[in-house]
Amino acid sequence: MRTIAFACGLLSLLILAGAALAGGLAYPGYDHLRQYISELGATGANTGPGVSFAFMASGALLAAFWLMCAGLFPKSPPLIIGFCLGALNGLGLFFGGVFRCDFQCSLASPSKAAMLHELLGGLGYLAGIAGVFVVGLTMRNRPAFRGLFSVALGCGVPAALAFWWIHPAFEFDGAAQRVVELALAVWTVAVALSVRRPAEAVG
């Protein structure tokens, strides 16, 4: 189970990163600093179907990873809550692929799918960031995992700050989104590496 969890976490990140990089190359004039990742999966985008499928696959694997963590790590209510918040981030990504934003993620006259995309994606980010702090603070009192507390601060703080810059009024909103994604990815890798420890060390 530990190997499966580790594989799910890493594969989720590789799929999302691959979709963003490949989609950006295939999308004419795409600017990673000024455009959302979701624009690559938007309705009407030439990369839309493929990137949206990648969102769904990555999100499902990420949700599975965090739910497996809830069973593999020491059983405590705060940890279970933190891992479930991480799973909600995965579900936000999954439904971001199901409900695609309008072309260029325009909110001028958004469709119902676009509104759901914004709502579920935003809630997913908030849940994921909250999960980082909940799990990190809980691990602070566990000697075997105390290092995760430092990683949680190093990832959670910049993610929380960058989240509030993900809006059209900020010129580099795409860069802000990448900061959030990178911070959550580093956190996922750190936890995935901890999952690889022997059962007696994790459980």
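This is a predicted model: local features need pLDDT of at least 70, side-chain atom pairs count only at pLDDT 80 or more; totals for chains, interfaces and linings use all residues.
Reader: What does the side chain of Ser58 reach at 2.8 Å?

Author: The backbone oxygen of Ser12. Residues are numbered from 1 along each chain, and side-chain values use heavy atoms, without hydrogens or water.

Reader: Where does Ser58 lie, and why does Ser58 count as buried or exposed?

Author: Ser58 lies in helix 2, residues 48-72 (a helix is a DSSP run of H or I, at least four residues, numbered from the N terminus). Its relative accessibility is 1%, so Ser58 counts as buried (under 20% relative accessible area, with a 1.4 Å probe and protein chains only).

Reader: Which residues does Ser58 touch?

Author: Ser12, Ile15, Leu16 and Leu93, leaving out residues up to four places away in sequence. Touching means heavy atoms within 4.5 Å.

Reader: How do you know whether Thr188 is buried or exposed?

Author: Thr188 has a relative accessible area of 4%, so Thr188 is buried. Thr188 sits in helix 6. Beyond four places in sequence, Thr188 touches Gly9, Leu13, Leu62, Phe65 and Trp66.

Reader: At what angle do helix 1 and helix 6 pack, and what does that make helix 1?

Author: Helix 1 (residues 2-26) and helix 6 (residues 173-195) pack at about 160°, with axes 9 Å apart. That makes helix 1 roughly antiparallel to helix 6, because the angle is over 145 degrees. Their crossing is left-handed (the near helix is turned anticlockwise from the far one by less than a right angle).

Reader: Which residues of helix 1 and helix 6 meet?

Author: On helix 1, they include Phe6, Gly9 and Leu13. On helix 6, Thr188, Val189 and Ala192 are among them. By class, this contact has ten nonpolar, two polar and two charged residues.

Reader: What makes helix 3 roughly parallel or antiparallel to helix 4?

Author: Helix 3 (residues 77-98) and helix 4 (residues 112-139) pack at about 155°, with axes 7 Å apart. That angle makes helix 3 roughly antiparallel to helix 4. Helix 3 passes helix 4 in a left-handed crossing. By class, their contact has 13 nonpolar, eleven polar and no charged residues.

Definitions and conventions
Axes are lines fitted to C-alpha atoms, for helices over the stretch in contact, and angles run from 0 to 180 degrees between N-to-C directions. Helices (H or I, at least four residues) and strands (E, at least two) are DSSP runs, numbered from the N terminus. Angles under 35 degrees count as roughly parallel, over 145 as roughly antiparallel, 65 to 115 as roughly perpendicular and the rest as oblique. Ala, Val, Leu, Ile, Met, Phe, Trp, Tyr, Cys and Pro count as nonpolar, Asp, Glu, Lys and Arg as charged, and the others, Gly among them, as polar. Buried means under 20% relative accessible area, exposed over 50%, partly exposed in between (1.4 Å probe, protein chains only). A polar contact is a pair of N or O atoms within 3.5 Å; within protein, one must be able to donate a hydrogen and the other to accept it, and residues adjacent in sequence count only if both atoms are side-chain atoms.
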